[in-house]
Amino acid sequence: MSLALDRSAHVAVPVLRAGVIAREFCRRGGGAEVAAVFERSFYLRSGEEFICIGEPAIGNGPTTLIIAARVAELGPRQGQRAFVSNRRIAIGDLTLELGRCQTWRAPPWPALPSPAVLRIACADIGRRACGESPPDSIARAVFTAEDTPLAHLARPRVACFEAWLRGRCLLDAPLSRGMTGQEQVASAVSSLVGLGPGLTPSGDDFLMGALAALDALGQTNMRAVLAQAVVAAAGRTSPLSASLLRAAGAGHVGENLHLMVGALAAGDADAAIAQAARMGHTSGWDALTGAVVTLSGDPSRTTLDDGSLAADNYRG
Amino acid sequence: MSVIRNEVRRATYLDSIVLMRMSREVAALSGVEQAGLIMGTPANKEILREAGILGPAGEQAESGDLILALRARDAAAAEAALVEARRLLDRPSALGAAAVADAPRSLRAAFRELPDANLALISVPGEFAAAEGRKALDLGLHAMIFSDNVPLADEAALKREARTRNLMVMGPDCGTAIIAGVPLAFANVVPRGDIGIIGASGTGIQEISCLIARAGRGVSHAIGTGGRDLKAEVGAMTTLMAIDALEADAGTKHIVLVSKPPAAEVARRVLDRIAESAKPFTVCFIGASNLALPRNARAAATLKAAAELALGRPLADRAVPRPLRARGPYVRGLFAGGTLCSEAQVVFAAAGIPVSSNVPVPGAAALNGAPTGHALIDLGDDEYTRGRPHPMIEPAVRDAPLAAALADVNVGVVLIDVVLGHGAHLDPAGHLAQAIGARREGALVVASVTGTDADPQARRDQVEKLEAAGVLVADSNADAAALALAAVGSAHARERGAAAQ
């Protein structure tokens, strides 16, 4: 029996939730192209911007539209043209209806526990990374002495990044020698961006975790400096990952990352690790490593950068 | 002399897990010494350069390109690896195109294509599953709903509606069924026979059906009910319909019912229905005790016992190949199958050994935080699988907890299950053997393999791979749990003795 009638039939699918950047992408409207198709999501690209369209199970995100359908049944194809407007997205005979979609925003960060609790959680994650993180993640470079090509390159770059976080030059880190703080972070960031395996390279995930952690700490000044460096270096990674870095630089991260950093910032290492394990292949642990490196210093010292937030955010 | 080859795919984005799998598959090809599959960013080109596998083509790649870089022992091996790598890289898009071209987009369209169908298998996000189930009922189809996260009220309403139409809804969260010899979703290739199975548990059905098959008998039908059918809110609607169906089926001589312990009033209703039947039953409510059964039913504490009662004879135990002496006092169970995890807890409880689990059966303690003591973990539970593949599909999910258990000096035995069949990973034993590695000391690894030689993975081959990696393979999951306990027995006694001093 022929399926021709069904294939030509118009399929309308409601969009349930839209992240703020994805919503803006639609408001601007215009042409786009299906850039990538995965099992439960696909990506539209317009210029340098990407938005992800996916099933509820992938989680909300700033660049994500959550739809009420299975992607496999919609059958988007890479290279297909899409027409985007404030009310709907048309891709072939598929229409994504935006009329009733809600805008998703990440909830506020939890109040921070005492610095001691935070340090214990970070140390616990560092210990457990040896056995639980994927062997090809940046966590192995940071928390173990394993010597892989990624670890060999990542280790001094992360050390340089840490040195910037601690507000001093690490004299034995070759990349940081003689640099000012801003040069130092720009150098560390540009060498981490695009580094490592995965659709979003490990270095990108690491930096997204670091940005989220600074946000959770209320470190607005440091976050702004890091964001500037990240956005400036975004051209060194894949265009898709660059759009996520720019979103993170603007203060928007996905729900899964937010939950993970929120758990860590609340001192719950178990929950943070469990959340990390759910995110991609290495992405979760890469981002968790960035957050741990950022949070594992003495928080009372790092709050000097923005002391007014310390009293608001810390308890105990 | 080694040869380096690079292939660049322009503006190609693949899921990270797909990239990782492809990378591993290429690296494992014959003659390949090293391989990498990563985005062509400047930093990644440094990695490949440092590893000595970046060639001129890779140097030209841009950040949005995908680089496949490999070093092989000679030109022929490199060429063969590239051919295979191209096939792997082409496969996702090829499969996608095929799916778009061939797959009907709705149940109605599928039914028009296959008008003789009498059952719809539904696997959609949970919030839409009930609606799809109703569409199936409207078309006069029985429904097997693989989806989970369906509201309980929707499940009850759907089953009520189905019952009025004399149709059966298997599920939601029904992962396994074998109807008239046809395995559906996660199921094994077992011969037809005269034993019918009704199960609220996927791996429970799989273990029992495979033990029956390996004992030379067969299964008439295995009907999955979904994990919540025996809850009070649902009232065993599917279970009762399945009993009716198997009772009416002339090919079914004995019926096995397997589930977690049901709500008391539901258990009464089911047992009353069994009492009305002319056929013999085996009832395996994993973890339940003191069941008052009708005369035509016998209770089985474990899945193995259920298979034995259905077969009418005990299953043979393989001799343990060598005296076992574990280095540490505790067993760490890392399970892909939830019911297999429950069965192991029952074995521990029967031996009077305290045990904790993230899915505790009555009598076991709830596992909070990092595992200590005897701990049996269901890695297929929601807390481990939200947003990730199930360990039966992707055995790498078990890698990290396995490495942690092997490194823990208090762990004397790591107890694992390997589940084969349709839907499961094509070589779970091969993956495990690689993860366990060539160890001369450390924790013993004891495994069971749920499957048959007729499964796509061939149980015989999987057992061989595990044994070659030093894993002790028991004949059943219950035997594996007992073997693990026996192995830590002496170490446990030593530990308790030391604690008492």
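**Chain A against chain B, and two places inside the chains**

The area buried between chain A and chain B is about 3,900 Å², and carbon and sulfur atoms give 57% of that area; buried area here is the accessible area (1.4 Å probe) that two parts lose on being put together, summed over both. The model is predicted, so that local features need pLDDT of at least 70 and side-chain atom pairs count only at pLDDT 80 or more, while totals for chains, interfaces and linings use all residues. Residues are numbered from 1 along each chain as its sequence is written, chains are lettered from A and ligands numbered from 1 in the order in which they are written, and side-chain values use heavy atoms, with hydrogens and water left out.

Student: How many residues does the contact take from chain A and from chain B?

Tutor: With contact meaning heavy atoms within 4.5 Å, chain A gives 53 residues and chain B gives 43 residues.

Student: What makes A:Arg157 and B:Glu46 a salt bridge?

Tutor: The rule asks for a side-chain nitrogen of Lys or Arg within 4 Å of a carboxyl oxygen of Asp or Glu; the closest N and O atoms of A:Arg157 and B:Glu46 are 2.7 Å apart, and the pair therefore meets the rule. Across the interface of chain A and chain B, the rule finds one salt bridge.

Student: Why is A:Ala210 called buried?

Tutor: Buried means under 20% relative accessible area, exposed means over 50%, and partly exposed lies in between (1.4 Å probe, protein chains only); A:Ala210 has a relative accessible area of 0%, so A:Ala210 is buried. A:Ala210 lies in helix 8 (residues 202-217) of chain A, helices being DSSP runs of H or I with at least four residues and strands runs of E with at least two, numbered from the N terminus. Leaving aside neighbours within four places in sequence, A:Ala210 is in contact with residues including A:Phe161, A:Leu226 and A:Thr294.

Student: How do you know that strand 15 and strand 17 of chain B pair?

Tutor: Two strands pair if DSSP finds at least two bridges between them; strand 15 (residues 356-357) and strand 17 (residues 375-378) of chain B have two bridges, in the parallel sense, and therefore count as paired. The bridge partner of B:Ser356 in strand 17 of chain B is B:Ala375.

Student: What makes the sheet of chain B open, and which strands stand at the edges?

Tutor: Seven strands form the open sheet in the order 16-15-17-14-18-19-20, with parallel pairing. Strand 16 (365-366) and strand 20 (472-474) of chain B stand at the edges with a single partner strand each, so one side of each is left without a neighbour in the sheet.
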